[in-house]
Amino acid sequence: MLQGWVIVFASFVYLGVLFAIAWYADRRADAGRSLISNPLVYALSLGVYCTTWTFYGSVGRAVASGIGYLPIYLGPTLLFALAGFVLVKMIRVAKANRITSIADFVASRYGKSQVLGGLVTVIAVVGVVPYIALQLKAVSNSFAILSSYPEIVMPAMSGTIPLFQDSALYVAMILAAFTILFGTRHLDATERHEGMVAAIAVESIVKLVAFLAAGIFVVWGVHEGIGDIFAQADAVPEIARRLTTADSPATYGTWGTLVFLSLFAALLLPRQFQIAVVENVDISHLSRAVWMFPLYLFLINLFVLPVALAGLLHFQGGGVDADTFVLTLPMAHQQEMLALFVFIGGLSAATGMVIVETIALSTMVCNDLVMPLLLRMPILGLATRSDLSGLLLAIRRWAIAIILGLGYLYFRMAGEAYALVSIGLISFAAVAQFAPVVIGGLFWKGGTRDGALAGLTAGFVLWTYTLLLPSFAKSGWMPAGFIEHGLFGIDLLRPQHLLGLTGLDEITHSLVWSLLANLGTYIGVSLLRAPNLREARQATLFVGGAEAAGIPGWRGSAGVADLLPLAGRFIGFERAQEAFARHAHERGLRGIEELPADTRLVNFAETLLAGAIGSASARVMVASVVTEEPLGIDEVMNILDEASQVRRYASEVEQKSAELTRATAELREANAQLRQLDRMKDDFISTVSHELRTPLTSIRAFSEMLQEDPKTDLAQRSRFLGIIVSESIRLTRLISQILDLAKLESGRAEWTVESVDVGEVLSDATESMAVLFTEKRVTLEIETCEPGLAVQADCDRLIQVMVNLLSNALKFAPAGSGHVKVGARGTANEVRVHVTDNGPGVPLADQELIFDKFRQGAGTADVLTDKPQGTGLGLPISRQIIEYFHGRLWVESSPAAGTSFVFTLPRLTGDNDASKNS
Amino acid sequence: MSRRILIVDDEPNIVISLEFLMKKEGFETAVAVDGDDALRKAAEFAPDLILLDVMMPKKSGFEVCQALRTDPATASVKIIMLTAKGRETEVAKGLALGADAYVTKPFSTKDLVLLIKSHLA
């Protein structure tokens, strides 16, 4: 009845119907009336998550671990129910950047890195190939079981059948052909496949209905309801045991791990990303899908436990693989049509998964692995070829064929090592490695390309070591000792107990290590440096959301003339022209020819190309026609350079400003000095005028009085005239001294410098003053004077100093009892001269003051007659003269001992003297 | 009864000339040679008018003027400041401190006598 040809025919009819649906949907899409643009289709297409692993494997897992199959569905349920915002953000970002795959997403996020895209692709292919193998195995096994109806015989071990009798090979080939038909009939700028999505939605219905039909038959056809099954199961202790989980921490840990793992898988598996993100027509569909998809998962799991228990009850004694219960139970009850339907359901689960997964992988392989490599080979001349769309399609078709080939190879060689569920989990753990870079990339701006590369690599290596290699070892490809004793026999390197970590199942163990290393390296390496410009821009686009999409990626521009042919080469000229026309229309322009050569156009073209060849390759291609350099390393360097120039400039400005501040301070100081000098000059002039007015006052007053009264008596008259004369002399002396001082101070004084004998100066000065001293009855005496004391000086000036000092002494020496002594002594280097009187002395406080201009000693001024005579300029002038000849002049005084004015001058030795005189 | 004039200056020849000038006009005179002396003589001699030099030892003419004005006994005495310092600020300062007139040196004897007479009238 159910001969092989019937099954094959039914299968082909089913696939034909699917293809018809896809074709129709594509036609509708081209006509602009999308068949799939509604939330129900979107939610159903998400059902691609449920593969044969669900369809057959859930029952198997339920038999093995009771309700342990549930976490695989709790994860996605949690994701959609609680973390919808992550999906919303992902879809929004992907749409804005025309992301074509998970690899493209990661590459684009971290600065459109081709290396990163390639790495993600490799991980995805390596991780997902076993999963594809699983589908082949399930289809081929179910086919073998069904075709032996009415017997229930478990299929032979794969690998033992000769290659061309192996149904799995034909399944693989048929699926490859169908996938190529579904997925690569044409290149779409958005990489969306409406027909495929429609077909997948239908497949989701078929597999759900098939499973529910089997479940209903088992529960109400074979048994008398669910209560009956559970009651019967309860009666058999061996079966009842499966209704509870082992109450140990490890079990709960495993539950947690599986929830976690399946949550990521529902987001990051290439096919899930393809359906949920890339194929999403309208982001609003997600709001319905968040409950529809979990509902779908709920329904498809509804009968898992009853079927498992019924199977256990029916096939007590073993011999029938629990993975096949859903098929073998209807067979055992001679329900051949139901069995066929279940087989078709399983087939739909397998085809759905394989088609979407391989399409997604082929896009990744083409855009992120092959094209970047080909574009880098100038020998192929791809950069100049006019139409590359055919090449792109060919690459994808080959990629599909090769991926399915790899899947078959894996099935053939390793497929028997594990139960179905384990293979699925290995894949889940592989794609879970994308979680840090994807989710981190959506919410953390600090992630860099290096961090993403390091994290992915670390995670992938540990996944390989702790999960993939042991699976190889279990398949006999590697010595089993590798698992038992670790690499090189090192105990700490045991792949399933790395660094001595025990107590976890192998999946949890692998996940803990790989994600720990992945996340740690991703964050650690990212933190090593700040994101560069391109990474920062992409980070803003991804983390900042769609509203940041206005940031231009290009600083240059290119016209339609360059960009249209470029786009045409990859997506076909007609499609490119349509897209450009649409863009022009969106910008409110009448046609392509009106499009300006601006940044916006370049961005549009890049995004368009990204849809076909991936963002990383698109950037490279657009860079070849954009007139200005793109934001490459050079550009970044330039910008950094500009930044450093600005910094340098800023520091120059700062320096200048500091100099200016300094100069201002100097000027202010100079100004203050000038003001001070001005004030001093003012004071000086005021003082001078005061000093000049004082004698003038007397002169004028006496002159006027004499003039007014000519009859003034003679004695009076001569007294007045005497005052007039002496005040005139005083005035004259004052004026000449002021002039003298001005000359000295300004350095305009004339000097006759020669060797001067100090003894002669003393005797000349004392002689000229002798009369005045005699008049006041003050004795004047040259105390000591060593002979031959010579100095280099102006003789007349020295005499002037001596006369000044002597008149000073005479002024303060008491009349009658006054005594003035003069002396000169020589030391090795200098000559020291003093003039000492026995006057009242100079208070210590005044000893410097008296050398100021117009400051006269006031010690005796309370007596009218002792009002000091003189100008107050004698001492300042004397000091100027002495200092001119490198000497010093000062006063030593105490009230008891009188006053001693002392000056020193450098001594001229005999030799010098002789030489000067010769 | 002749008017009393106190001459305050530290320059002997100026004192001589002013003394001679005032006596000739019939005033009774006294002389002080510094600020302290001036205040003492102003109290003892009770002059009607003081000819007050500014630049003096011990107390300047400004200080003396201020002290005279704050003492009720001498507050009404006429003060004519005589100074060789002719700057505007000093003139203003002297007048602000209560001097009745400010005369710069060298002065015209005739004008000075007229000024004194006008203040004593």
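**View 1. Helices H10(A) and H18(A) pass each other in a left-handed crossing.** A crossing is called left-handed if the near helix is turned anticlockwise from the far one by less than a right angle, and right-handed if clockwise. This is a predicted model, where local features need pLDDT of at least 70, side-chain atom pairs count only at pLDDT 80 or more, and totals for chains, interfaces and linings use all residues. Residues are numbered from 1 along each chain as its sequence is written, while chains are lettered from A and ligands numbered from 1 in the order in which they are written. H10 covers residues 194–222 of chain A and H18 covers residues 336–375; their axes come within 8 Å and cross at roughly 145°. Axes here are lines fitted to C-alpha atoms, for helices over the stretch in contact, and angles run from 0 to 180 degrees between N-to-C directions. Helices (H or I, at least four residues) and strands (E, at least two) are DSSP runs, numbered from the N terminus. On the H10(A) side, look for residues including A:Met196, A:Ile200, A:Lys207 and A:Phe217; on the H18(A) side, A:Leu338, A:Phe341, A:Gly345 and A:Ile359 are among those they meet. Sorted by class, the residues of this contact come out as 16 nonpolar, 5 polar and 2 charged. Nonpolar takes in Ala, Val, Leu, Ile, Met, Phe, Trp, Tyr, Cys and Pro, charged takes in Asp, Glu, Lys and Arg, and the others, Gly among them, are polar.

**View 2. A:Ala177 sits in helix H9 of chain A.** H9 spans residues 167–183. The C-alpha atom of A:Ala177 is separated by 9.8 Å from that of A:Ile355, although the two are 178 residues apart along the chain. A:Ala177 has 15 C-beta neighbours inside 10 Å, so it counts as partly exposed. The cut-offs: 20 or more other C-beta atoms within 10 Å of a residue's own make it buried, 12 or fewer make it exposed, and anything in between is partly exposed, with C-beta atoms placed from the backbone.

**View 3. H26(A) and H28(A) meet through nonpolar residues.** The axes of H26 (residues 560–571) and H28 (residues 599–613) of chain A come within 10 Å and cross at roughly 10°. That angle makes H26(A) roughly parallel to H28(A); the label goes to angles under 35 degrees, with over 145 roughly antiparallel, 65 to 115 roughly perpendicular and the rest oblique. From H26(A) come A:Leu563, A:Leu566, A:Ala567, A:Phe570 and A:Ile571, and their partners in H28(A) include A:Leu601, A:Val602 and A:Leu608. The tally is 12 nonpolar, no polar and no charged.

**View 4. Chain B carries an open sheet of 5 strands, paired in parallel.** The strand order is S2-S1-S3-S4-S5. Two strands count as paired if DSSP finds at least two bridges between them. S2 (28–32) and S5 (101–104) are the edge strands, each pairing on one side only. Neighbouring strands are turned by 20° against each other on average, direction ignored. S4 (residues 78–83) and S5 of chain B share 4 bridges in the parallel sense, and B:Met81 stands opposite B:Tyr102 in S5(B). Helix H5 (residues 109–120) of chain B packs on this sheet, touching S3 (49–53), S4 and S5, and its direction makes about 160° with that of S4(B).

View 5. Most residues other than glycine have a negative phi, and most peptide bonds are trans. In chain B, a cis peptide bond joins B:Lys105 and B:Pro106, with omega about -10°; B:Pro106 lies in the loop between S5 and H5. B:Ala46 isn't a glycine, yet its phi is positive at about 50°. You'll find B:Ala46 in the loop between H2 (35–45) and S3 of chain B, and B:Ala46 is partly exposed, with 13 C-beta neighbours inside 10 Å. In chain A, A:Lys112 has a positive phi near 50° and lies in the loop between H7 (102–109) and H8 (114–147). A:Lys112 is buried, with 27 other C-beta atoms within 10 Å.

**View 6. Chain B touches chain A through 21 residues, which contact 20 residues of chain A.** Contact means that the C-beta atoms of two residues, placed from the backbone, lie within 7 Å. Helix H1 (residues 12–24) of chain B gives the most to its side, with 7 residues. That side of chain B has 11 nonpolar, 4 polar and 6 charged residues.
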